[in-house]
Amino acid sequence: MNLKRWIAAFVFLATFPMSVFAQPTSNEGYKFYSLTVSSGDDPISSGITGIVQFTNKQNRLIEVAVQQEQAWVTYGQKFSKKSVNGLVGASVGHFQGAPWAGPILILSVPVGKIAGQQIMARTMQWPGFFAWEPRDWKNDGMQNPERLFVGILGNVGLDIGPIGLTYSKLNFLDEPWNTLPGISYTKAIQRDFSVTGSATWNSNQKKWLLYAGLTWKPER
């Protein structure tokens, strides 16, 4: 996909949820929440990535993500129960021409402080079920022995102030389980802008995945 098509696809997917869900005369209307533009690789990103989020007064969230070879839309409900914050929802998307869908669950909870820095424990569980194999796996000359074309990403993490420690496990189609430990650092450069860098070790490929992203989250 060339750059013009990538930009056009991102603009379309970013504005589509607003045109569908926005209701100016109702408190159900969605408003812009954040925009992240990144480059590099992590367990779910590859190359240039754009992710835009919208929320409404009922704490429902719409996320639209676009990359060169994949895109997805997530719709979910944010919630807080005592000290636990989370998101439960569903995603649909495509990867290399193969459509997929699956649920998503994200949880986080504060567990204390160290040297004045808040410590947050978190987890994400995100399975996806493909209609057929993506292009590279379909044309690799190998027969997939699995009855279902499934990709499963799960992780646990610990955030200590701006530092994030993550341990992920990825099972993608017929590939062996991949262990992906990583570290990240987030720095606020203005009140509504932050930059994040991360390094993740890909155990299957024996190499580091390097990522850098810029997030704009206007004050509400």
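Y185 is located in strand β10, which spans residues 178-190; strands (E, at least two residues) and helices (H or I, at least four) are DSSP runs numbered from the N terminus. The model is predicted, with local features requiring pLDDT of at least 70 and side-chain atom pairs pLDDT 80 or more, while totals for chains, interfaces and linings use all residues. Residues are numbered from 1 along each chain as its sequence is written, and side-chain values use heavy atoms, without hydrogens and water.

Y185 counts as partly exposed because its relative accessibility is 43% (buried, under 20%; exposed, over 50%; partly exposed, in between; 1.4 Å probe, protein chains only). Leaving aside residues up to four places away in sequence, Y185 contacts P162, I163, V195, T196 and G197 (heavy atoms within 4.5 Å). The C-alpha atoms of Y185 and D159 are 9.5 Å apart, at a sequence separation of 26 residues.

Beyond four places in sequence, F130 touches F95, A98, P99, W100, F149, G151, F172 and L173.

The protein chain contains 2 helices and 12 strands, in the order α-β-β-β-β-β-β-β-α-β-β-β-β-β. Of its 220 residues, 37% are buried.
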